[in-house]
Amino acid sequence: MKRVMIVDDHTMVREGLAHLVDSIPGYECCGMADSAPHAMALLEKGRPDLLLVDMTLPGRNGLELLKDVL
C-alpha cells in the first residue's frame, strides 16, 4: 500500500484529493496538513511515500517545504 500525504491550505481541496487517493487501489491517504509547519510535524508520524503539495501555502510555500523535507 502506497501512503500519500496531502498539504493544501484549502479544506475542500484536501478532502477531495484524500477521497480521490483513497479510491485508487493500492493507495491510501495517511495525513493532511494545511501549512508547511503542520506538514513537517505530521511527516514523522505519517511516513508517506508521496507528498501532494500546494505551491502557494501561507508562510513557507510548497517549494520551501519540499527543500525542508529533502
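Let's begin with the contacts of V4: leaving aside residues up to four places away in sequence, V4 touches V21, Y27, E28, C29, C30, G31, P48, L50 and L52, where contact means heavy atoms within 4.5 Å. A quick word on the source: this is a predicted model, where local features need pLDDT of at least 70 and side-chain atom pairs count only at pLDDT 80 or more, while totals for chains, interfaces and linings use all residues. Residues are numbered from 1 along each chain as its sequence is written, and side-chain values use heavy atoms, with hydrogens and water left out.

So, is V4 buried or exposed? V4 has 1% relative accessibility and therefore counts as buried; the cut-offs are under 20% relative accessible area for buried, over 50% for exposed and partly exposed in between, with a 1.4 Å probe and protein chains only.

Where does V4 sit? V4 belongs to strand 1. Helices (H or I, at least four residues) and strands (E, at least two) are DSSP runs, numbered from the N terminus. Strand 1 and strand 3 run parallel and are joined by four bridges; for two strands to pair, DSSP has to find at least two bridges between them.

On to the other partner. Strand 1 (residues 2-7) pairs with strand 2 (residues 27-33), again in the parallel sense, over six bridges. One of the partners here is G31 in strand 2, bridged to M5. Between these two strands the chain passes through helix 1 (residues 11-22), and this β-α-β crossover is right-handed, that is, clockwise from the first strand over the helix to the second with the strands pointing away from the viewer.

Put together, we have an open sheet of three strands in the order 2-1-3, with parallel pairing. Strand 2 and strand 3 (50-53) stand at the edges with a single partner strand each, so one side of each has no neighbour in the sheet.

Now, helix 1. Which of its residues are buried? They are R14, A18 and V21. These cover an arc of only 65° around the axis, which puts them on the same side of helix 1; the arc is taken from the directions from the helix axis to the C-beta atoms. M12 and H19, on the other side of helix 1, are exposed. Strand 1, strand 2 and strand 3 are included in what covers the buried residues.

And that takes us back to V4: V4 and V21 are 17 residues apart in sequence, yet 7.5 Å apart in space, C-alpha to C-alpha.
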